[in-house]
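This report looks at a few side chains and their surroundings. Please view the sequence and the model below before reading on.

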Amino acid sequence: MSKQTNKNTDHKPDFVFGKKNYMMMAIGIGVIVLGFILMSGGGSDDPNVFNPEIYNFRRIRLAPTIVLIGFGIEVYAILLNPDKKKSK
């Protein structure tokens, strides 16, 4: 008896998540990167001079909030079920 192999079958790679999950993850990573960009700057060129600009609203309140929203989007992207059909 000989083993028959079917070479005509296409084997698609099995991904853990669907396309919609990966799109949401990309959006979440983009939001996190935006938050870190907003958090940057505000330093002084001279280490002997204090620059109070480091404690402004953008760096203390806005940027960390945007980073946390980005992490929330990532959690949502992981938990999203792409196979769920919309019901009317």
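## Aromatic pairs

Tyrosine 55 has a relative accessible area of 57% and is exposed; exposed means over 50%, buried under 20% and partly exposed in between, with a 1.4 Å probe and protein chains only. This is a predicted model, in which local features need pLDDT of at least 70 and side-chain atom pairs count only at pLDDT 80 or more, while totals for chains, interfaces and linings use all residues. Residues are numbered from 1 along each chain as its sequence is written, and side-chain values use heavy atoms, leaving out hydrogens and water.

Rings of Phe, Tyr and Trp (its six-membered ring) pair if their centres lie within 6.5 Å; planes under 30 degrees apart are stacked, over 60 edge-to-face and the rest tilted. The count by this rule is 2 aromatic pairs. In one of them, phenylalanine 17 and tyrosine 22 are edge-to-face, with 5.9 Å between centres and 85 degrees between planes. Phenylalanine 17 is partly exposed at 27% relative accessible area, and tyrosine 22 is partly exposed at 38%. Phenylalanine 50 and tyrosine 55 form a tilted pair, because their planes are at 35 degrees, with the centres 6.1 Å apart. Phenylalanine 50 is exposed, its relative accessible area being 58%.

## Arginine 59

Arginine 59 belongs to helix α2, residues 57–79. Helices are DSSP runs (H or I, at least four residues), numbered from the N terminus.

The side chain of arginine 59 does reach backbone oxygens: that of glycine 41 at 3.1 Å and that of glutamate 53 at 3.0 Å. Neighbours within four places in sequence aside, the contacts of arginine 59 include Leu38, Met39, Ile54 and Pro64. Contact means heavy atoms within 4.5 Å.

## Valine 31

Valine 31 is part of helix α1, residues 19–39. Is valine 31 buried or exposed? Its relative accessibility is 19%, so valine 31 counts as buried.

Valine 31 and leucine 68 lie 37 residues apart in sequence, and their C-alpha atoms are 9.1 Å apart in space.

Notes. Helix = DSSP H or I, 4+ residues; strand = E, 2+ residues; numbered from the N terminus. Polar contact = N/O pair within 3.5 Å; in protein donor to acceptor, adjacent residues only side chain to side chain.
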